[in-house]
Amino acid sequence: MRFAPQERTALFIDGANFYAATRSLGLDIDYRKLLDFFSEKSNMVRAYYYSALLDSEEYSPMKPLTDWLAYNGYSLVTKPAKEFTDALGRRRIKGNMDIELAIDMLELAPKIEHAVLFSGDSDFRPLVEAVQRKGVRVSVISTIKTNPPMIADELRRQADQFAELSEIAAAFTRRPADARGRAASREEDPA
């Protein structure tokens with residue numbers, strides 16, 4: 001990925017989409033390393049993480065991660081997810097954060113030179129185009145290595161640059177030994 005050291009950059013992480021991509025690739029993200037990776041390459045202005053959370057559960061498996069992110073350099077944007085039963089009687093959860101991400105990116109566009117979007121959702125193509133019209137360079141990070149690909153072709157074509165997640169992930173993932181060592185200290189540092 002191309003970055004200029006003084007380039008004002010912001011990360012926009014679609015939590016659900018990024019989680020699905022990393023899970024499909026078998027990656028375990030170290031969010032501290034992720035922030036460091038982009039901070040070393042550019043002038044990091046902000047790193048947003050978007051996630052819908054279930055309020056109905058007493059304990060959410062996302063809670064340790066979202067708490068850690070909120071206290072360690074990420075701007076955490078959440079809202080309650082909605083739980084419903086579909087026509088076939090299956091329990092479904094809906095928690096789309098696209099609007100929140102789009103508003104934040106558009107509002108921050110005059111203050112940044114580079115937006116990095118972690119998502120493959122085709123709904124973001126018009127957003128990327130609008131931000132580019134404001135003079136902001138947009139990189140999209142997702143994967144085409146899964147079947148089906150996690151990134152929509154129209155989003156990949158609209159981006160100024162596309163980064164294949166599996167090719168850059170070594171810089172911000174845990175190695176298997178890290179994961180074993182973390183199992184004992186999971187309470188301390190969920191990143």
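Helix H5 (residues 125–133) buries Leu127, Val128, Ala130, Val131 and Gln132, where buried means under 20% relative accessible area, against over 50% for exposed and in between for partly exposed (1.4 Å probe, protein chains only). These buried residues of H5 pack against H4, S6, S7 and helix H6 (153–158), with contact taken as heavy atoms within 4.5 Å. After H5 comes glycine 135, which has a positive phi near 90°.

A word on the basis of all this: the model is predicted, local features need pLDDT of at least 70, side-chain atom pairs count only at pLDDT 80 or more, and totals for chains, interfaces and linings use all residues. Residues are numbered from 1 along each chain as its sequence is written, and side-chain values use heavy atoms, leaving out hydrogens and water. Helices (H or I, at least four residues) and strands (E, at least two) are DSSP runs numbered from the N terminus.

Now to the neighbour of H5. The axes of H4 and H5 come within 10 Å and cross at roughly 5°; axes are lines fitted to C-alpha atoms, for helices over the stretch in contact, and angles run from 0 to 180 degrees between N-to-C directions. On the H4 side the contact is made by Leu101, Ala102, Met105 and Leu106, and on the H5 side by Leu127, Ala130 and Val131. These residues divide into 7 nonpolar, no polar and no charged.

H4 (residues 98–108) also lies across strand S1 (8–14), strand S2 (43–53), S3 and strand S6 (114–118), running at about 175° to S1. What is the strand order of the open sheet? Its 6 strands follow S3-S2-S1-S6-S7-S8, with parallel pairing; two strands pair if DSSP finds at least two bridges between them. Strand S3 (75–80) and strand S8 (161–164) are the edges, each pairing on one side only. From one strand to the next, the twist averages 20°.

| Strands | Direction | Bridges | A bridge partner pair |
|---|---|---|---|
| S7 (residues 137–142) and S8 | parallel | 4 bridges | serine 139 and glutamine 161 |
| S4 (residues 82–85) and S5 (residues 91–94) | antiparallel | 4 bridges | lysine 82 and lysine 94 |

S4 and S5 form a hairpin with 5 residues between the strands, and there glycine 89 takes a positive phi near 85°.

Definitions and conventions:
Ala, Val, Leu, Ile, Met, Phe, Trp, Tyr, Cys and Pro count as nonpolar, Asp, Glu, Lys and Arg as charged, and the others, Gly among them, as polar.
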